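Hello,

Here is the model you asked to look at. My notes follow below it.

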Amino acid sequence: MLQSALEVNQRRVQFSGLGVSQDGKASAVITSTVSFFKPMRTIGDKLRNGKDLVHPCDRQGAIYCVPCGDCDQKYFGETKMSFKKRKKEHISYIKHFYPEKSALAAHALELEHRMNWSKTQIVAFENDFRRRRFTESFFINSTPNVINEKSSDLFPKICRATFGYN
Ligand SMILES: [Zn+2]
């Protein structure tokens with residue numbers, strides 16, 4: 001039953017991500033992927049509406065993807081705070097050698113790999129904790145080559161089955 005509900009939502013909802021360059025400026029919408037959630041507004045939409053512009057890196061409740069610069073793996077994370085603040089934490093874990101603090105830090109420290117922060121994508125925003133974790137789990141479990149550990153509960157199984165990954 002859950003699977004059919006997912007399929008209905010996947011057909012209905014288009015999802016957009018924002019690119020974030022190293023100098024902190026947002027680029028245009030760079031990806032279009034399937035998601036279950038309402039599409040977020042793009043930078044362009046905000047400018048057209050004439051509202052004040054909050055940079056995606058400064059907005060709270062982010063789900064983000066950071067690729068490794070030294071291999072083809074990528075890390076998905078979620079945070080109640082802004083990505084900018086969470087990024088500082090990840091970097092601090094690496095600098096002070098705390099691999100147990102995040103899978104990103106563990107990857108960077110154990111393999112001596114550098115993350116490609118300039119290719120970070122903020123893939124979604126969600127202020128509700130459970131929905132944010134759900135969205136993060138969706139991306140982790142439906143994307144190949146992730147640094148994160150894939151979980152084995154029902155939801156990830158449905159994700160993997162739906163998108164053809166094992
Ligand atoms: Zn790597």
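**What the model shows**

Buried residues account for 27% of the 166 residues in the protein chain. Bear in mind that this is a predicted model.

Confidence comes next. The average pLDDT of the protein chain is 78, and 66% of the residues score at least 70. Two stretches need care. Residues 1-17 have a pLDDT below 50, yet this stretch has 32 contacts in the model beyond near neighbours in sequence. Residues 27-39 are also below 50, with 34 such contacts. Where pLDDT is low, the predicted coordinates should not be read in detail.

Now the layout. The protein chain holds six helices and five strands. Starting at the N terminus, the order is α-β-β-α-β-β-α-α-β-α-α. Among contacts in the chain with a separation of 6 or more, 57% join residues 24 or more positions apart.

Next, the core. The largest nonpolar core has 23 residues. Ile-63, Tyr-64, Leu-104, Val-123 and Phe-139 touch the most other members. At least two residues each come from strand E3 (60-67), strand E4 (74-82), H3, H4, strand E5 (121-125) and helix H5 (129-142). E3 gives the largest share, five residues. In soluble globular proteins, nonpolar side chains tend to be buried together.

Setting aside residues up to four places away in sequence, Leu-104 touches Val-66, Tyr-75, Gly-77, His-90, Met-115 and Ile-147.

Leu-104 is also part of the meeting of H3 and H4. The axes of helix H3 (residues 83-95) and helix H4 (residues 103-111) come within 9 Å and cross at roughly 40°. The crossing is right-handed. On the H3 side, the residues are His-90, Tyr-93 and Ile-94. They meet Leu-104, Ala-105, Ala-108 and Leu-109 in H4. By type, the residues of this contact are six nonpolar, one polar and no charged.

Last, Phe-83. Beyond its neighbours within four places in sequence, Phe-83 contacts Cys-57, Ala-62, Tyr-64 and Ile-122. Phe-83 and Thr-120 are 37 residues apart in sequence, with a C-alpha to C-alpha distance of 9.8 Å.

Best wishes

Methods:
Residues numbered from 1 in each chain as written. Predicted model: local features only at pLDDT ≥ 70, side-chain atom pairs only at ≥ 80, totals over all residues. Axes fitted to C-alpha atoms, helices over the stretch in contact; angles between N-to-C directions. Helix = DSSP H or I, 4+ residues; strand = E, 2+ residues; numbered from the N terminus. Left-handed = near helix turned anticlockwise from the far one by under 90°. Contact = placed C-beta atoms within 7 Å. Nonpolar A, V, L, I, M, F, W, Y, C, P; charged D, E, K, R; others polar. Buried ≥ 20, exposed ≤ 12 C-beta atoms within 10 Å, placed from the backbone. pLDDT = per-residue confidence, 0-100. Core = buried A, V, L, I, M, F, W, Y, C linked by C-beta atoms within 7 Å.
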